[in-house]
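Subject: Structure handover

Hi,

Here is the structure I promised to pass on. Please open it and keep it beside these notes.

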Amino acid sequence: MRVTLADPSALIPDFERVHREQRALYPYRPAGWQPVHTVYVPADRFGAGTVRAWGEAALELFRRHLPESELAAILGPVVDSVIDPVIGAVPGGAGGALAGDLAGEVHARVAAKLGREPVEDLRVDFEDGYGVRPGEEDGHVSAAAAAIAAMDADGTLPRRWGLRVKSFADGDPVRSLRTLDGLLTGVMERAGHLPEGFTVTFPKVLMRAYLHQFADCLGALEDGLGLDRGRLRFEIQVEAPQTVRFLDAGLVTALEGRLAAAHFGVFDYTASCGLPPHEQRLDHPACDHARHVMQTVFAGTGVELSDGSLAATPASDDGPAVRGLWRRHARLVGHSLTHGFPQGWDMHPSHLVSRYAAVYAFHLSRRGEYARRVRAWQERRDAGGGVMDEPATIATMTAALRRADLVLGDVPPSGPGAGGAEG
């Protein structure tokens, strides 16, 4: 073959350095397990039996108010949201009707999940859900450490767990760090080790410098506790427009890999934007914008994304009120999933029912279709209806199938993120 350039490499002498930077910023990682939710419990209401109590309460509501026949009304919009306009309706049909087999499988999976593992990710909250308690916080830290050690010993500690500390933006970083230090020290003294899956949530980050200061403090704690370097990682909560403005992929390397996830805070964010109270909702366009910025900034970095919560509970424990709450919550969970946010925050045992039902319906309703289209691509034939998928779509479908298998428990968690935030 005849060529014109004698030595192309001489024209790009800096390529190796740039390529190394690319790999550091955007490391390839196969889909790993990520919890579908974070449950946060105020520290003064947390104990060794909290997870079990949440599971029992959720299962009681499920058995009383969600027969299989009610799934269509609650989950129909979630299934409809993933109907492909080109391929056509997925199993379950249009108009919010769930097919019998799909409804039965979702119902059985939710019942089994609530009995086996009601909470995948737990935060003991020392921030907004807890308040300012100058004379009490140390005592609640010690009690939480004892409860976590007891849960670790009896096998009830969720796969992910940790705490939410107070914000540096409140002007008292020493209180925030004292709580973190006391919990870690207390757990390790009682359990003899730091259980896998630990992470810490860092809220209301209004200044980029706070991230670096907090990361330095985590390094000091590792040294003091004898932990491996990089063992302590944290989640940033995106709760204000100021935070959105300084997000960039460079944070991942600047923080030396300590940034594990970005969680969206809907109520503080909408308040910061000046929205009226009745517009403080997860599916508001202002929230969509913030999430899309988070998604764009952290794409390919390995930083996990989590959506916010629904700050509502059933008005009573009667069927119409509970099912009304479930319909509302399931719709918002579906909104998050269709926008590429596989995780969200749950604030009440009732949310566990609609969370798992919506997540399972979302993944199950597409799994067969995705598998068929991937097989068609591998066999170099059209996927039906004259559609020819292209490689990027196939890669996305393959990743979605992997995530569905992990969410549904059809494969054991493995790879980055499995068993904790260290991946």
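Below are the findings, element by element.

This is a predicted model: local features need pLDDT of at least 70, side-chain atom pairs count only at pLDDT 80 or more, and totals for chains, interfaces and linings use all residues. Residues are numbered from 1 along each chain as its sequence is written, and side-chain values use heavy atoms, with hydrogens and water left out.

**The sheet**

Eight strands form an open sheet with parallel pairing, in the order 7-6-5-4-3-2-1-8. Strands (E, at least two residues) and helices (H or I, at least four) are DSSP runs, numbered from the N terminus. Two strands pair if DSSP finds at least two bridges between them. Strand 7 (304–306) and strand 8 (344–346) are the edges, each pairing on one side only. Neighbouring strands are turned by 25° against each other on average, direction ignored. For such angles, axes are lines fitted to C-alpha atoms, for helices over the stretch in contact, and values run from 0 to 180 degrees between N-to-C directions.

Helix 13 (residues 349–378) packs on the sheet and touches strand 1 (37–42) and strand 8. Contact means heavy atoms within 4.5 Å. The direction of helix 13 makes about 150° with that of strand 8.

Six of the six residues of strand 1 are buried. Buried means under 20% relative accessible area, exposed over 50%, and partly exposed in between (1.4 Å probe, protein chains only). One side of strand 1 carries His 37, Val 39 and Val 41; the other carries Thr 38, Tyr 40 and Pro 42.

Strand 1 runs parallel to strand 8, joined by three bridges. There, His 37 stands opposite Gly 344. Strand 1 also pairs with strand 2, in the parallel sense, over four bridges. Pro 42 has Asp 125 as its bridge partner in strand 2. Next, strand 2 (residues 121–125) is joined to strand 3 (residues 160–164) by five bridges. Asp 121 is partnered there by Arg 160.

**Aromatic pairs**

The whole structure holds 11 aromatic pairs. Rings of Phe, Tyr and Trp (its six-membered ring) pair if their centres lie within 6.5 Å; planes under 30 degrees apart count as stacked, over 60 as edge-to-face and the rest as tilted.

Phe 168 and Tyr 210 are edge-to-face, at 6.0 Å centre to centre and 70° between the planes. Phe 168 lies in the loop between strand 3 and helix 6 (173–191), and Tyr 210 in helix 7 (residues 208–225), so the pair ties together parts 42 residues apart in sequence. Phe 168 is buried at 7% relative accessibility. Tyr 210, at 21%, is partly exposed.

Phe 202 and Phe 214 are stacked, because their ring centres are 4.1 Å apart and their planes at 5°. This pair links strand 4 (residues 198–202) to helix 7. Phe 202 and Phe 214 are both buried. One aromatic cluster takes in Phe 168, Phe 202, Tyr 210, Phe 214 and Phe 234.

**Helix 6**

The buried residues of helix 6 include Leu 180, Leu 183 and Leu 184. Its buried residues pack against helix 5 (137–154), strand 3, strand 4 and helix 7. Gly 192 follows helix 6, with a positive phi near 85°.

Best wishes
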